[in-house]
Amino acid sequence: MATAAAGVLALPAFAEGDMSLAEAPCENCADELTVVSWGGAYQNSQIKAYSEPYAEATGVTFVWDESSAEAVAKLRAMSEAGNVTWDVVDVVASDAIRLCDEGLAIEIDGATELAPAPDGTSADDDFGVLRVNDCFVPQIVYSTTFGYRTDVAEWNGAVPDDICDIFDLETFPGKRSLQRRPIDNMEWATYCNGTPKDEIYDVLSTDEGIAAALAKLDTIKDQVVWWTAGAETPQLLADGEVVMGSTFNGRLFSAIAEQDQPIAMMWDMQSFDLDGWIIPEGLDEARLNRAKHFLKFATDTQRLADQAKYISYGPARASSAPLVGTHAELGIDMAPHMPTDPANAANVHNYDYTWWADNRDDIDAKFQAWLVQ
Ligand SMILES: *[C@@H]1O[C@H](CO)[C@@H](O)[C@H](O)[C@H]1NC(C)=O
């Protein structure tokens with residue numbers, strides 16, 4: 001339990017970053033921005049680190065929409081209707097690849113439209129491989145991993161520390177919450193069927209492999225509560241509705257370190273992924289100018305480091321890492337709560353977003369059909 005810092009209410013010890021990007025002139029720019037994200041603690045960290053300072057400097061009004069989970073479908077529909085109402089959209093890397101490939105997101109020029117690092121390193125070099133394409137401007141590295149209740153009497157002192165424990169109803173009885181999508185669940189099921197980590201995607205590229213993964217998930221299906229919003233598992237755990245469940249590591253950090261719930265992290269086979277921004281294709285000039293102006297500010301070195309003071313996700317810029325310090329309110333050192341901390345990353349599932357971009361529609365259909373069986 002990471003509660004050692006309870007009661008430590010040090011004020012943030014970090015200086016206000018240089019605000020010049022927010023204060024830079026923005027000609028022919030809309031004065032309202034509709035930003036799409038995931039709600040909860042994550043969106044709150046973006047509000048604190050990005051939109052509040054930007055609004056203060058510019059007077060721009062922000063409208064937040066919590067539809068990121070359905071971003072691809074909704075942007076397809078908006079594009080078809082010729083009525084794109086979103087300006088900046090937070091998506092995972094695989095969705096950014098689909099949106100970019102389908103022409104639903106615009107390309108962002110790293111050299112002119114993003115801020116260089118303080119030492120002059122270009123944004124593209126600073127993001128490195130995390131900038132998976134020209135449309136996607138990464139923000140954070142996060143993981144999908146499991147939390148469990150620390151007070152389950154039926155477990156007789158056993159502690160789930162292996163991903164395959166989620167399939168072990170005998171040692172770890174009780175409901176578990178899983179995300180209502182195939183990503184990660186299919187990989188964990190395949191791994192727990194005995195497939196070595198580096199062969200998981202080869203196996204899942206076959207019909208037999210998909211069937212075997214779904215059969216493994218079948219063994220716990222009647223004990224699963226399916227979630228779609230990141231805040232659900234922490235709430236279900238806090239309420240005792242489930243005994244273990246997957247969600248984004250930052251959500252579990254909030255429940256454990258900020259709310260002091262009887263929950264602990266599993267970390268085994270945590271799945272790394274990237275989250276970042278895209279700007280939709282189809283905005284008028286004033287909205288596009290405003291979206292680009294905000295994006296440049298919100299993805300600079302200081303802003304990405306600031307976000308890590310509100311949530312335990314690793315900033316996607318190399319130059320931000322040395323600026324990550326302590327939690328803005330709790331004053332605790334954030335490094336041990338990062339998914340990338342060596343102690344937490346002993347056995348990581350290397351989520352393959354390119355494979356998923358190619359296979360998502362097909363496996364989604366099979367997964368949804370299995371869900372309603
Ligand atoms: C565009 O979509 C929004 C939100 O759905 C709607 O309120 C608005 O009326 C639409 N505008 C047009 C021109 O269809």
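Is Phe 272 buried, exposed or partly exposed? Phe 272 counts as partly exposed, because its relative accessibility is 21% and the buried class stops under 20%. Keep in mind that this is a predicted model.

Phe 272 sits in strand 9. Leave out residues up to four places away in sequence, and Phe 272 touches Tyr 142, Ser 143, Pro 339, Thr 340, Ala 345, Val 348, His 349 and Tyr 351. Take Tyr 351. Phe 272 and Tyr 351 are 79 residues apart along the chain, yet their C-alpha atoms are separated by 6.0 Å.

Now the overall layout. The domain assignment gives domain 1 as 2-141 plus 274-335. Domain 2 is 143-272 plus 339-371. Their centres, taken over C-alpha atoms, are 27 Å apart.

How do the two domains meet? On the domain 1 side, 27 residues are in contact with 19 residues of domain 2. The size of an interface is often given as the accessible area lost when the parts come together. Here, domain 1 and domain 2 bury about 1,900 Å² between them. Carbon and sulfur atoms account for 57% of that.

Next, the polar side of the interface. Between domain 1 and domain 2 there are three salt bridges. There are also six residue pairs in polar contact, both residues at pLDDT 80 or more. Helix 2, residues 40-58, and helix 4, residues 93-101, each supply at least two residues of the side of domain 1 that touches domain 2. Helix 4 gives the largest share of that side, with five residues. By type, the side of domain 1 that touches domain 2 divides into 18 nonpolar, six polar and three charged residues.

On to salt bridges across the whole structure. The search finds 17. One of them joins Arg 360 and Asp 95, at 4.0 Å from N to O. This pair links distant parts of the chain.

First up, Asp 207 with Lys 366, at 3.7 Å from N to O. Asp 207 is in helix 9, Lys 366 is in helix 14, and the two are 159 residues apart. Asp 207 is exposed, because its relative accessible area is 54%. Lys 366 counts as partly exposed, at 31%.

Then Asp 151 with Arg 149. Their closest N and O atoms are 2.7 Å apart. Arg 149 is buried, with a relative accessible area of 13%. Asp 151, at 43%, counts as partly exposed.

Now two aspartates in loops. Where is Asp 268? Asp 268 lies in the loop between strand 8, residues 263-265, and strand 9, residues 270-278. At 13% relative accessibility, Asp 268 counts as buried. Beyond its neighbours within four places in sequence, Asp 268 is in contact with Asp 161, Asp 162, Ile 163 and Asn 347. A polar atom of the Asp 268 side chain lies 2.7 Å from the backbone nitrogen of Ile 163.

Asp 300 is in the loop between helix 12, residues 285-298, and helix 13, residues 301-307. Asp 300 is buried, at 7% relative accessible area. Its contacts, again leaving aside neighbours within four places, are Leu 21, Ala 115 and Arg 317.

For contrast, look at Pro 322. Pro 322 is in the loop between strand 10 and strand 11. Pro 322 counts as exposed, at 68% relative accessibility.

Last topic, backbone angles. Most residues other than glycine have a negative phi. Asn 156 has a positive phi of about 50 degrees. Asn 156 is in the loop between strand 4 and strand 5, and counts as exposed at 70%. Asp 260 also has a positive phi, about 60 degrees. Asp 260 lies in the loop between helix 11 and strand 8. At 46% relative accessibility, Asp 260 counts as partly exposed.

Note on methods:
Residues numbered from 1 in each chain as written. Heavy atoms only, no water. Domains from an automatic or database assignment. Contact = heavy atoms within 4.5 Å. Buried area = accessible area lost by both parts, 1.4 Å probe. Salt bridge = Lys/Arg side-chain N within 4 Å of Asp/Glu carboxyl O. Polar contact = N/O pair within 3.5 Å; in protein donor to acceptor, adjacent residues only side chain to side chain. Helix = DSSP H or I, 4+ residues; strand = E, 2+ residues; numbered from the N terminus. Nonpolar A, V, L, I, M, F, W, Y, C, P; charged D, E, K, R; others polar. Buried < 20%, exposed > 50% of the residue type's maximum accessible area, 1.4 Å probe, protein only.
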